[in-house]
Amino acid sequence: EFLFNDESILLAKRAYKPAKGEWGLPGGFLELNETLQDGALRELKEETNLEGDFINIIGTCSHYGSIFGDILLIGVHIHVHDYSNMKAGDDAEELNFFSINNLPEIAFDCHTKIINKFIKSI
C-alpha cells in the first residue's frame, strides 16, 4: 500500500518481526477469496485506521523471506481524503509522514523498489 501527501510518504514502524522497529510501507497479506482492491483497503484500515480510494498498481516485487517464504509484493496507490483519524494499529507500532527527499532507512528492498517506482512516476 502506498500513501502520498504533499511529497511525503506515509510509513509504518513495524511492531513485529521481521524487521521489528524498522520503517516500511503499511500493508499485509491478502485473505482467501479477497480481491487486491478489497485487501489493500482492509489492510489500510487495520494498519492506519484510514480509508481511501484504490487508484492503481504501482508495481510488483518478489523476494524470499525467512518467515513467510516466497512473497509477491504488489505496491498500490491509495488516495486518502481525511487523515484526521490516523492511528497505528495491527502490525504498525508508529506512523509518520516522510519527505520523499529525506526517507529513513527502509526495512525491505521490495518496499524501496516500490517507493522508487512511485517517485519516478510523479
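Q: Quick one to start: is N33 buried or exposed?
A: Exposed, because its relative accessibility is 79%. Here buried means under 20% relative accessible area, exposed means over 50%, and partly exposed is in between (1.4 Å probe, protein chains only).

Q: What kind of model is this?
A: This is a predicted model, where local features need pLDDT of at least 70, side-chain atom pairs count only at pLDDT 80 or more, and totals for chains, interfaces and linings use all residues. Residues are numbered from 1 along each chain as its sequence is written, and side-chain values use heavy atoms, with hydrogens and water left out.

Q: Back to N33. Where does it lie?
A: N33 lies in the loop between β3 and α1. Helices (H or I, at least four residues) and strands (E, at least two) are DSSP runs, numbered from the N terminus.

Q: What about the phi of N33?
A: N33 has a positive phi of about 65°, and it is not a glycine. Most residues other than glycine have a negative phi.

Q: And the phi of N49?
A: N49 is not a glycine either, and its phi is positive, near 65°. N49 sits in the loop between α1 and β4 (52-65). It counts as partly exposed because its relative accessible area is 23%.

Q: Which peptide bond is cis?
A: The one joining K17 and P18, with omega about 0°. P18 is in the loop between β2 (8-14) and β3. In general, most peptide bonds are trans.

Q: Let's zoom out. How many helices and strands are there?
A: Two helices and six strands. From the N terminus, the order is β-β-β-α-β-β-β-α.

Q: What radius of gyration does the protein have?
A: 13 Å. That agrees with a compact globule, because 122 residues would give a value near 14 Å. The radius is taken over C-alpha atoms, and the globule rule is 2.2 Å times the number of residues to the power 0.38. Along the principal axes, the C-alpha atoms fill a box of roughly 35 × 35 × 30 Å.

Q: How much of it is buried?
A: Buried residues make up 43% of the 122 residues.

Q: What share of contacts join residues at least 24 apart?
A: 65%, among contacts between residues at least 6 apart in sequence. Contact means heavy atoms within 4.5 Å.

Q: Now E34. Where is that one, and is it buried or exposed?
A: E34 is in the loop between β3 (23-24) and α1 (36-48). It counts as buried because its relative accessible area is 19%.

Q: Which residues is E34 in contact with?
A: F29, G39 and R42, leaving aside neighbours within four places in sequence. The side chains of E34 and R42 are joined by a polar contact of 2.7 Å. A polar contact is a pair of N or O atoms within 3.5 Å; within protein, one must be able to donate a hydrogen and the other to accept it, and residues adjacent in sequence count only if both atoms are side-chain atoms.

Q: What about L25: buried or exposed?
A: Buried, because its relative accessibility is 9%. L25 is also in the loop between β3 and α1. Its C-alpha atom is 8.9 Å from that of T112, 87 residues away along the chain.

Q: Switching to H81. Where is it?
A: In the loop between β5 (69-80) and β6. H81 is exposed because its relative accessible area is 57%.

Q: What does H81 contact?
A: E51 and D53, leaving aside neighbours within four places in sequence. A polar contact of 2.6 Å joins the side chains of H81 and D53. Another polar contact, at 3.5 Å, runs from the H81 side chain to the H79 side chain. H81 and G52 are 29 residues apart in sequence, with 6.4 Å between their C-alpha atoms.

Q: And F98, which element is that in?
A: Strand β6 (residues 92-99). F98 counts as buried because its relative accessibility is 14%. Beyond neighbours within four places in sequence, its contacts include I9, L11, W23 and P104.

Q: Last one: where is I119, and what does it touch?
A: I119 is in helix α2 (residues 109-121). It touches I9 and I100, not counting residues up to four places away in sequence. I119 counts as partly exposed because its relative accessibility is 24%.
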